[in-house]
Amino acid sequence: MSTQQIHAAVLHRVGRAPRYEAFPAPEAGAGEAVVTVAAAALKPSDRLMADGVHYAPASFPHVAGLDGVGRLEDGTRVAFFAPRAPYGGMAERTVVREGMWLPVPEGADDVTAAALLNPGMAAWKTVVAEGGLSAGQTVLVLGATGASGRVAAHVAKRRGARVVAAGRDRRVLDELVARGADAAIGVDRPHGELADAIAAEGPYDLVVDYLWSPPAEALFDALMRVNDPARPIRHILVGMAAGENATLPAMTLRKAPVHLVGSGRGGRASSRRARRLSPTFSTRRSRASWSSTWRPFRSPASPRRGRARRATAGSCSSREPPSGGGPAVRGYGGPGGRLGRGGQRPLSMRPEISL
Ligand SMILES: NC(=O)c1ccc[n+]([C@@H]2O[C@H](COP(=O)([O-])OP(=O)(O)OC[C@H]3O[C@@H](n4cnc5c(N)ncnc54)[C@H](OP(=O)(O)O)[C@@H]3O)[C@@H](O)[C@H]2O)c1
């Protein structure tokens with residue numbers, strides 16, 4: 001490692017918030033490139049990483065953050081992902097394998113591109129690469145009110161599908177309908193009622209599931225009733241915002257031809273194919289804007305909780321109210337994770353996207 005130092009959000013233990021501190025500067029090895037980071041979003045996957053649930057560091061110290069936006073040494077602006085351990089995205093500089101990046105089109109600012117990278121990649125991968133959604137098909141987005149679900153609804157609508165948006169935030173559901181979603185379902189209701197509501201909007205060709213747990217269990221009941229045995233349905237599990245476990249009745253799989261698959265790191269969607277996503281970053285194309293505000297980058301002495309960071313010049317945060325001092329990025333609530341027990345709402349950046 002270099003004797004030069006950078007500043008970064010550094011994880012020291014599973015279940016502990018990262019600390020803003022000095023860290024050895026990265027040096028590129030063979031087939032690698034150093035990226036000067038401009039913006040890195042704080043996402044559920046970063047919380048899961050810190051909690052040791054998913055993408056957990058093999059050793060510590062480790063810089064937090066799975067991706068971000070910045071510049072290569074030749075000045076090319078890129079959205080990068082999967083930095084080489086122990087480096088992460090929440091640092092002034094990081095190091096990635098050659099090609100582990102996408103070009104960021106002019107017209108998309110750093111923060112929008114950084115915020116869209118993970119939800120956009122996941123939406124493209126699920127709806128297009130793995131889901132194979134085509135015009136005229138019906139998609140249920142379970143968890144459509146989150147950052148990722150909103151982008152998935154947007155991508156699905158642009159492909160000409162009928163979009164059924166399900167989530168618990170009524171205001172966001174209304175917005176999604178106003179912006180082009182075909183139907184909305186509130187998931188915050190008893191199992192039977194939710195199963196009826198999901199069944200009433202079916203049958204479905206694709207389910208993009210960011211929630212799992214009770215909403216998925218209601219879905220399983222609905223699919224038994226509503227999906228034609230001759231009409232296969234792809235259920236892609238992308239997230240577990242509502243919980244880690246769900247009961248899957250055998251009759252769901254036997255009565256409806258459900259193909260249930262998980263979506264995470266790797267799989268069919270290679271970074272080369274993901275380059276097709278890059279137009280999504282363009283704010284002109286997607287008419288996306290983010291509920292975000294700018295803050296100066298915090299010194300080690302005055303970190304704030306629950307903030308996405310702009311590593312060099314400023315940090316980007318949602319409209320979450322500040323919750324006092326403490327280490328940077330502390331107190332966030334991963335689904336079921338140790339850091340989530342405090343009952344704080346997780347920080348997120350919510351896209352306002354015209355479908
Ligand atoms: N596999 C991948 O590559 C990938 C990529 C992106 C995301 N994900 C996963 O997908 C999930 C959502 O990510 P995101 O980016 O959309 O996060 P986000 O912006 O933080 O949104 C989380 C969403 O989950 C909802 N939610 C939380 N608990 C719920 C519950 N008990 N019942 C119903 N809804 C609940 C929230 O509703 P409220 O707004 O009402 O709080 C919000 O809509 C996470 O589990 C994340 O790890 C996976």
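Predicted model: local features only at pLDDT ≥ 70, side-chain atom pairs only at ≥ 80, totals over all residues.
Helices α2 and α3 pack with their axes 8 Å apart and at an angle of about 45 degrees, and they are therefore oblique to each other.

**Packing of α2 and α3**

- The crossing in which α2 passes α3 is right-handed.
- On the α2 side the contact is formed by L116, P119, G120, A122, A123, W124, T126, V127 and V128, which meet A147, S148, V151, A152, V155 and A156 in α3.
- Sorted by class, the residues of this contact between α2 and α3 comprise 12 nonpolar and 3 polar ones, with no charged residues.

**Packing of α5 and α6**

- Helix α5 (residues 191–201) and helix α6 (residues 213–226) have axes that come within 8 Å and cross at roughly 50 degrees, which makes α5 oblique to α6.
- The contact of α5 with α6 is made up of 10 nonpolar, 1 polar and 3 charged residues.

**Surroundings of the ligand**

- The ligand is surrounded by 29 residues, of which P44, A122, G146, G239 and A241 are the closest.
- Of the residues in this shell, 14 are nonpolar, 12 are polar and 3 are charged.
- At least two residues of the shell come from each of the helices α1 (44–50), α2 (110–130) and α3 (147–158).
- A122, one of the closest residues to the ligand, is also among the α2 residues that meet α3.
- Because domain 1 (5–108 + 282–331) and domain 2 (117–262) both give residues to the shell, the ligand lies between them.

**Backbone details in the loops**

- The peptide bond that joins A85 and P86 is cis, with an omega of about 5 degrees, and P86 lies in the loop between β6 (77–81) and β7 (93–97).
- The loop between β6 and β7 also holds A82, a residue that has a positive phi of about 50 degrees although it is not a glycine.
- A cis peptide bond also joins G202 and P203, where omega is about 0 degrees, and P203 is placed in the loop between α5 and β12 (206–209).

Key. Residues numbered from 1 in each chain as written. Near = placed C-beta within 6 Å. Helix = DSSP H or I, 4+ residues; strand = E, 2+ residues; numbered from the N terminus. Nonpolar A, V, L, I, M, F, W, Y, C, P; charged D, E, K, R; others polar. Domains from an automatic or database assignment. Axes fitted to C-alpha atoms, helices over the stretch in contact; angles between N-to-C directions. Parallel < 35°, antiparallel > 145°, perpendicular 65-115°, else oblique. Left-handed = near helix turned anticlockwise from the far one by under 90°. Contact = placed C-beta atoms within 7 Å.
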